[in-house]
Amino acid sequence: RSVGGADAPFSLVCQTVEIIEGCRLPVLRKNQENEDEWPLAEVLSVRDLPRTPLYYVHYIDFNKRLDEWVTPDRLDMKKLQFPKKEARTPPKNGLPGSGPGSPERDVRKSLDLSVQSASAPSRGKTLPAPKRRAESVSLATQASAATPVPSLPSSAEESQAPVYPALRDPVSDCSQDSQDSSDGIPSAPRMTGSLVSDRSHDDIVTRMKNIDCIELGRHRLKPWYFSPYPQELTGLPILYLCEYCLKYLKSLKCLQRHLTKCNLRHPPGNEIYRKGTISFFEIDGRKNKTYSQNLCLLAKCFLDHKTLYYDTDPFLFYVMTEYDSKGFHIVGYFSKEKESTEDYNVACILTLPPYQRRGYGKLLIEFSYELSKVEGKTGTPEKPLSDLGLLSYRSYWTQTILEILMNLKPENGERPQITINEISEITSVKKEDVISTLQYLNLINYYKGQYILTLSEDIVEGHERAMQKRHLRIDSKGLHFTPKDWSKRGKW
């Protein structure tokens, strides 16, 4: 037919093409500058509605929190890529996954590659092993702007979520910590507390957000990731949470009825810190199991790199609250193992979205190291954290270490000297994290047989600007905390 000219056959084909799960194509979205862009996206799910279909897409090389439902008008059908069908070889000895292209093998291979590539720079190997004569690091303040300060966030609210690439294989962590049997069913109660997610178990369900909106006190939150709330609640337009006990309810009427019975006006557990309106509560995962599980469910909405265990016994939860006349409102929290063989002082850490970019994240991190100081230990967060957690911890470590270096006084007219171990002891930041931060800032130089830290004017000025914006700090006088020796307790 002559109708439509040369382009008519192509347009007819586009209309008849059916988009299925696994297809890839450019999708229109707004970037941070509110400009249109067309990143490549994968279709994870299709929802057929009476008027128009909806497509749940994941933008390739973007964080999963940006995944969303889109309408057909945002899809570039001209560049549609269908999923490739892999040739499967016949099963060997009747066992699945024996072929070279089997998904099981591909998953293991991709996991091994990601772990190898991630863990390579994480052990501080780029720094030569300090010789005995070079143990102390002298500090030189350089007048010229030799090393520009990297752009770091002035506040560190985002936890989570890898600080430096994973120090251990997350898959092996989960299998060991869960004490799983070969068929994937836990054979015994889990006695250690790793919350690292086993990404090999990802499926199409857990890759998609399942909660549209959460009402928590005076805030409405849009979840970023999947969280295993009961399935009957996931279809609701709004999931209601009691902001004090975190119980989830299906309607506003149920919440109002619950609030008449709920006696809590603060998290359960002991208040171990208060300064102004900020308080911290220590919650035992064994004594307050229901609250701890509800907290994990809420946190999973905003943490992608951690998995959720209903066995909260091995954990302590430190909940930060803001006080007003109505009660203590949850701002964020971090969890830690009661006994950690890896010197982890944080398992999960999160500032809720309404409180992000206001300094609370860095306050949570500072509090975790304050507890480590009281315990007389150095600590490090469990890896991997999220991309936002990476920024937060890097920013905290940078400011903490530079604060110490800039307060050093010269002795006898010579440059001040300090060792990596001394920085670690003063801050309770683990030695590997101190070295990684100094390397990241490009401060370490090797000069005449010893290591020299060179602070340029740019670094000094950048640090001073950042510290001026940091109004929230932990006051050790407000901390009332006695560490427990959990190794002497039979069942915590």
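Mentor: Contact here means heavy atoms within 4.5 Å. Keep in mind that this is a predicted model.

Trainee: Which residues is Phe280 in contact with, leaving aside its neighbours within four places in sequence?

Mentor: Phe280 is among the residues that touch the most other members of the largest nonpolar core. Leaving aside neighbours within four places in sequence, its contacts are Asn270, Glu271, Ile272, Tyr273, Val319, Met320, Leu363, Leu364, Phe367 and Ile474.

Trainee: Which residues does the second, separate core include?

Mentor: In soluble globular proteins, nonpolar side chains tend to be buried together. The second core is separate and has twelve residues, including Cys23, Ala41, Val43 and Tyr59.

Trainee: How do α7 and α8 lie relative to each other, oblique or roughly perpendicular?

Mentor: Two packed helices are described by the angle between their axes and the distance between the axes. For α7 (residues 360–375) and α8, the axes are 10 Å apart and the angle is about 60°. Angles of 65 to 115 degrees would count as roughly perpendicular, so α7 is to α8 oblique.

Trainee: How many nonpolar residues does the contact of α7 with α8 have?

Mentor: From α7 come Lys362, Ile365, Glu366, Ser368 and Tyr369, and from α8 come Ser392, Tyr393, Ser395, Tyr396, Trp397 and Gln399. By class, two are charged, four are polar, and the number of nonpolar residues is five.

Trainee: Which residues of α9 make the contact with α8?

Mentor: α8 and α9 pack with their axes 11 Å apart, at an angle of about 115°, and are therefore roughly perpendicular to each other. α8 supplies Thr400, Ile401, Ile404 and Leu405, and the residues of α9 are Ile423, Ile426 and Thr427.

Trainee: How many charged residues are in the contact of α8 with α9?

Mentor: The residues of this contact divide by class into five nonpolar and two polar. The count of charged residues is given as no charged.

Trainee: What is the handedness of the crossing of α9 and α10?

Mentor: The axes of α9 (residues 420–427) and α10 (residues 431–440) come within 9 Å and cross at roughly 115°. That makes α9 roughly perpendicular to α10. The crossing is right-handed.

Trainee: Which residues of α10 make the contact with α9?

Mentor: The contact divides into five nonpolar, two polar and one charged residue. On the α9 side are Ile420, Asn421, Ile423 and Ser424, and on the α10 side Lys431, Val434, Ile435 and Leu438.

Trainee: Is Ser428 buried or exposed?

Mentor: Ser428 lies in the loop between α9 and α10, and has a positive phi of about 65° although it is not a glycine. Most residues other than glycine have a negative phi. The relative accessible area of Ser428 is 3%, and under 20% counts as buried.

Trainee: Is Asp61 buried or exposed?

Mentor: Asp61 lies in the loop between β5 (54–59) and β6 (68–70), and its phi is near 70°, a positive value in a residue other than glycine. At 79% relative accessibility, Asp61 counts as exposed.

Conventions: Residues numbered from 1 in each chain as written. Predicted model: local features only at pLDDT ≥ 70, side-chain atom pairs only at ≥ 80, totals over all residues. Heavy atoms only, no water. Core = buried A, V, L, I, M, F, W, Y, C linked by side-chain atoms within 4.5 Å. Buried < 20%, exposed > 50% of the residue type's maximum accessible area, 1.4 Å probe, protein only. Axes fitted to C-alpha atoms, helices over the stretch in contact; angles between N-to-C directions. Helix = DSSP H or I, 4+ residues; strand = E, 2+ residues; numbered from the N terminus. Parallel < 35°, antiparallel > 145°, perpendicular 65-115°, else oblique. Nonpolar A, V, L, I, M, F, W, Y, C, P; charged D, E, K, R; others polar. Left-handed = near helix turned anticlockwise from the far one by under 90°.
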